[in-house]
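Here are my notes on the model, as numbered points. Please read them with the structure open.

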Amino acid sequence: MRHAAAFSATMSIGKETGKISFRAGGIRQRLLVWNLVLFGSLVLSFVIAGYLYTQKQIRAMSLELQGEIAELVAARIEAFVNQKIERLSDAAVTMSLHPTGSKEQELLAVLLLKNDRVFTEASILDLNGMEVIKTSERQVYTSSEYRNQSGSDKFKRAIRGDVYISSVYTSDRAEPYVTIALPLKTMHREMTGVLAAETSLKFLWEVIGSIHFGIGGYAYLVDNQGNLIAHKDPSMVLRRTDLSRINEVQEFLANPAAPDPTPDGDGLGIMGKPVLSTYSPV
């Protein structure tokens, strides 16, 4: 400012004045650049913060959706099995009106399979665990093929008055099944035998295969050994794929009756790609 007060009309001072003006313009340019950098940094910070917040919200919504779908499918499977137990209970009541091993019971067993295609095989065991009736949609059994099932879990549980549901097992075509067994009792609650039925869970292929959410969300079902029993790609089931290496499956196998302890789990999926996953026990 002291230099500015000494300005005159001479050429030399004019040159010096020009230099001072140039420096003043440089300061303004630098201030403008710094303001632009600062503003840009603030905008970038807001963009990044907004992106991270959006990603967090999308993740939370995805996990919530996954959890709801898993619970919904688990409830649907449970309802299906309970429905089949009720169907067998109704059949057992009718069968109990007839002598164990009678033609009437055999006819009722055949009608059970015809009226509900989910049941693929039915047998009646007497109080000693011996098969006295056995009918199947796949083959014809003769009396010489009847077996003593007194040592089987299905007989031991059902003869005590409990409903027995086996672990899931697969056929030679990798179709999932469970065996359901329950007691035969007379009107006076007298035990007369056991009704057992092989129950197909093939409907699970359609249920699981129809689930799609988000960009690439999907569902699958494993048994209590970690074996794949339902997936949108049936060929993976046919290959009897073992998924016990998957983190979420390992958590399930560690405590099959409990809900997912880490429903926001990150890890590798079936195809080895990073996924968010959760599960619900059936």
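Is Lys84 buried or exposed? Lys84 is buried, at a relative accessible area of 9%. That residue comes back in point 4. First, the overall picture.

1. Overview. This is a predicted model. The protein has 282 residues, and 37% of them count as buried. Its secondary structure consists of 6 helices and 10 strands. Take the contacts between residues at least 6 apart in sequence: 48% of them join residues at least 24 apart.

2. Nonpolar cores. The largest nonpolar core has 46 residues. Those with the most contacts inside it are Val73, Leu88, Met95, Leu195, Leu221 and Leu243. Helix α1 gives the largest share of this core, 10 residues. A second core of 7 residues is separate, and includes Phe155, Ala158, Ala181 and Ala196. In soluble globular proteins, nonpolar side chains tend to be buried together. Leu88 is worth a look in the viewer. Beyond its neighbours within four places in sequence, Leu88 is in contact with Leu112, Phe119, Ile180, Leu182, Leu195 and Ala197.

3. Surface patch. Phe39, Val43, Leu44, Val47 and Ile48 form a nonpolar patch on the surface. Together they have about 470 Å² of accessible area. Phe39 sits in helix α1, which covers residues 11–95. Phe39 is exposed because its relative accessible area is 55%, against a cut-off of over 50%.

4. Lys84 and Asp116. The count of salt bridges comes to 6. In one of them, Asp116 pairs with Lys84, and the closest N and O atoms are 2.9 Å apart. Asp116 is in the loop between α2 (103–115) and β1 (119–125), while Lys84 is in helix α1, so the pair ties together parts 32 residues apart in sequence. Asp116 counts as buried, at 10% relative accessibility. Lys84 is buried too, at 9%. Both values fall under the 20% cut-off.

5. Glu198 and Arg138. This salt bridge has its closest N and O atoms 2.8 Å apart. It links distant parts of the chain, 60 residues apart: Glu198 is in strand β6 (residues 191–200), and Arg138 is in the loop between β2 (131–136) and α3 (153–159). Glu198 is buried at 12% relative accessible area, whereas Arg138 is partly exposed at 46%.

6. Glu175 and Lys202. Here the closest N and O atoms of the salt bridge are 3.5 Å apart. Glu175 lies in the loop between β4 (169–170) and β5 (176–185), and Lys202 in the loop between β6 and α4 (203–209), 27 residues apart. Glu175 is buried, with a relative accessible area of 7%. Lys202 counts as partly exposed, at 39%.

7. Helix α6. Which residues of helix α6 (residues 247–254) are buried? Glu248, Val249 and Phe252 are. They cover an arc of only 100 degrees around the axis, so they lie on the same side of α6. An α-helix has 3.6 residues a turn, so residues three or four places apart point the same way.

8. Tyr279. This residue lies in the segment after β10 (274–277). Tyr279 counts as buried, at 14% relative accessibility. Tyr279 and Pro259 are 20 residues apart in sequence, and their C-alpha atoms are 7.4 Å apart in space.

Key: Residues numbered from 1 in each chain as written. Predicted model: local features only at pLDDT ≥ 70, side-chain atom pairs only at ≥ 80, totals over all residues. Heavy atoms only, no water. Patch = residues over 30% accessible without salt bridge, like charges linked within 9 Å, V, L, I, M, F, W, Y side chains within 5 Å. Areas by Shrake-Rupley, 256 points an atom, 1.4 Å probe, with all protein chains shown as cover. Salt bridge = Lys/Arg side-chain N within 4 Å of Asp/Glu carboxyl O. Helix = DSSP H or I, 4+ residues; strand = E, 2+ residues; numbered from the N terminus. Buried < 20%, exposed > 50% of the residue type's maximum accessible area, 1.4 Å probe, protein only. Core = buried A, V, L, I, M, F, W, Y, C linked by side-chain atoms within 4.5 Å. Contact = heavy atoms within 4.5 Å. Arc of directions from axis to C-beta.
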